[in-house]
Amino acid sequence: MSDDSKPMETYPGGFRAILKQMGLRMDPLTYDEGEALPPLDVDFQPLKAQTIHKDAAEVGRSRSTYARKYRELAQEFHRRPALLHLHGMLVSNLRRTGQPAHTAALFVRLWAEESEYLIRHLDARWLVSAITTFGDAGLTDTQRQLGQALSVLFGMMKLYETERLYSGHAPNVAFATQERSAKHLAMQMDPYAISSGGLDVNLLGGLWVQAGDDPVIRPLARHLLDMLIGDDKTVFRRLRLMRQEREAALAEKGIRRKSGPKRERVAEVPAFLASKDPDTLRWGLVSLIKAPLPQIARFAAHHLDLGADRLHIYLDAPAPETAAFLAQNPKVQVTECDAAFWAAQKKPRMKAHQMRQTWVATQAYQDTDVDWLAHIDVDEFLLPPAPMKELLAGLDKYSTVLRIYPVELLAGSQGNELFKLMPRFAGQTRGVLEDLYPTYGAHLPGGFISHREGKNFARTGLMGIRVGIHTVMQGGAVMANRTKVDNLYIGHAHAPDWPYFRDHMAFRMTRGSYRKSDEDKFRLLDILSFLQEEEGEQGVRTFFTEVCEATPRLIEGLEAHNMLLRYPLDLDAKVLRHFGPLPEQETTK
């Protein structure tokens, strides 16, 4: 192979050359006799009144690099307060090795005592330099970690925004969304999803939350982040404009997006809510239910057995006997949603059951006496890998939502429950679905027939909260400070057997979870409609067997790909422990 055919190196010499070049820029400043930074206990107040002159007579004719930098900054801060010049000298020293021993402490003290003054008098370029300096020389882990993170963010922005200057587009003009030049980014990364991606808010929101951990760096970091989201010449603003253009184009075509709310926000968590003690932490559930008593009792008993402190059960239709049976356990709060209940609400009874679910879940959130509240359905069962109190107590104190992803019950496995996982939670690619479900796998995202979004625990005590089915919102925006726990799932008994699936299919196809939204792709609704028309009930039954039933073939395939979760529930024994015999099980003496 000739030299001409070798791929071009971005940096000839690789990281050895990169580090060598970095080293050339890190030589320490030299000081002549009598030259020094102010002491650590210098009084900052006089430096606000004193001004710097561009001639820098203070360093005379010294040729030290300290004096050279002093003169350079004197030119920039001519006739401005000496405190700003001192800040510049501290930053310049801390960018190099071998600075005076007290330099970092003096820099941090300056920001601890004078952050408001510095933010008001320094431009954005110097504020970014300051945050970078915290990354190099902060005195706490948060100062260094946040400083480094923001330094990388602003450094990458400078690189890509500089390249964009040569695109022919102004910095505040978004690209058109009709087409793109390639399917993948560098290093085989998938592109950001313009219509529904959350990378931007998660990135910015995470930095905002982290800034709250340190009172010294907080004013500077949050001021810079506010400047960033307020500037119309950034990729964040351009992507927002592109999203709006895409949504307008889809609306013209009559396409209903399923991307959910457009806005996200980081919810503030007051210190008194950030409990970390599993012994005192309390958790509970809320559910709007219309089901037979045995099913409700098994649902309630399972979660009481997990240690739930409160179950808010709303009966969608009056059922006095069911209410009386459940109320035997003091941890169960039963509300019958009868005419009197709805007459007492601010709105009349909603026609859509999804709206009623959201209404009662939000009401329970406002009234509950627990620290964390989950909104789930009667056919869903939390499957924690450890006690829920411990898992919730171990969450970051700034997290407001715990997302729990679903696993789907294999029909016919009751008594020794088996659940299937989506490929990504087992480290598998989507291609495995066609191996597991040869006929239908290509058309079933995740291999599921039920929801893939999961459900949520919400930290209680926050203002303006609306608890939805798959989201938790504050002030009309989805809360961005979400988290998850590895191996914590919610087991969904969506189709426990063929008769149940068959009897509920029509409702789910017309008003429930099988409806299509914006996708033109061949999906579950199309499969079921086609099978009904072409093959009748037997065709649908064949589909159910391949995709949903705990057949030896499917169990073996799932287990081979680490996509099978064994989690026996033993529900009837739990009912006996927490409620006693069900009415039909009672015997007369």
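**Note on backbone, burial and ring contacts**

1. D570 is found in the loop that runs between strand 15 (564-566) and helix 21 (571-578). The model under review is predicted. In this model the phi angle of D570 is near 50°, a positive value in a residue other than glycine.

2. A positive phi near 50° is also given for A56, again a residue other than glycine. A56 belongs to the loop between helix 2 (45-49) and helix 3 (65-76). Its relative accessibility is 1%, so A56 counts as buried, the limit for that term being under 20%.

3. E114 has its place in helix 5 (residues 103-121). Is this residue buried or exposed? With a relative accessible area of 6%, E114 is buried. Leaving aside residues up to four places away in sequence, E114 touches F44, Q45, K48 and L83.

4. R109 lies over the face of F44, at 4.0 Å from the ring centre.

5. How many aromatic pairs does the structure hold? The count is 16. In one of them, the ring centres of F77 and W126 are 5.7 Å apart and the planes stand at 45°, so the pair is tilted. This pair links distant parts of the chain, 49 residues apart: F77 is in the loop between helix 3 and helix 4 (82-94), while W126 is in helix 6 (residues 124-137). Both residues should be read as interior positions in the sense of accessibility: F77 is buried, with a relative accessible area of 1%, and W126 counts as buried at 7%.

6. W283 and F457 form an aromatic pair that is edge-to-face, with 5.9 Å centre to centre and 75° between the planes. Because W283 lies in strand 2 (residues 283-289) and F457 in strand 9 (residues 455-459), the pair ties together parts that are 174 residues apart in sequence. The relative accessible area of W283 is 0%, so this residue is buried. F457 likewise counts as buried, at 0% relative accessibility.

7. A further point concerns tyrosine residues. Ring pairs link Y31, Y66 and Y70 into a cluster.

Conventions
Residues numbered from 1 in each chain as written. Predicted model: local features only at pLDDT ≥ 70, side-chain atom pairs only at ≥ 80, totals over all residues. Heavy atoms only, no water. Helix = DSSP H or I, 4+ residues; strand = E, 2+ residues; numbered from the N terminus. Buried < 20%, exposed > 50% of the residue type's maximum accessible area, 1.4 Å probe, protein only. Contact = heavy atoms within 4.5 Å. Phe/Tyr/Trp six-rings, centres within 6.5 Å; stacked < 30°, edge-to-face > 60°. Lys NZ or Arg CZ within 6 Å of the ring centre and 35° of its normal.
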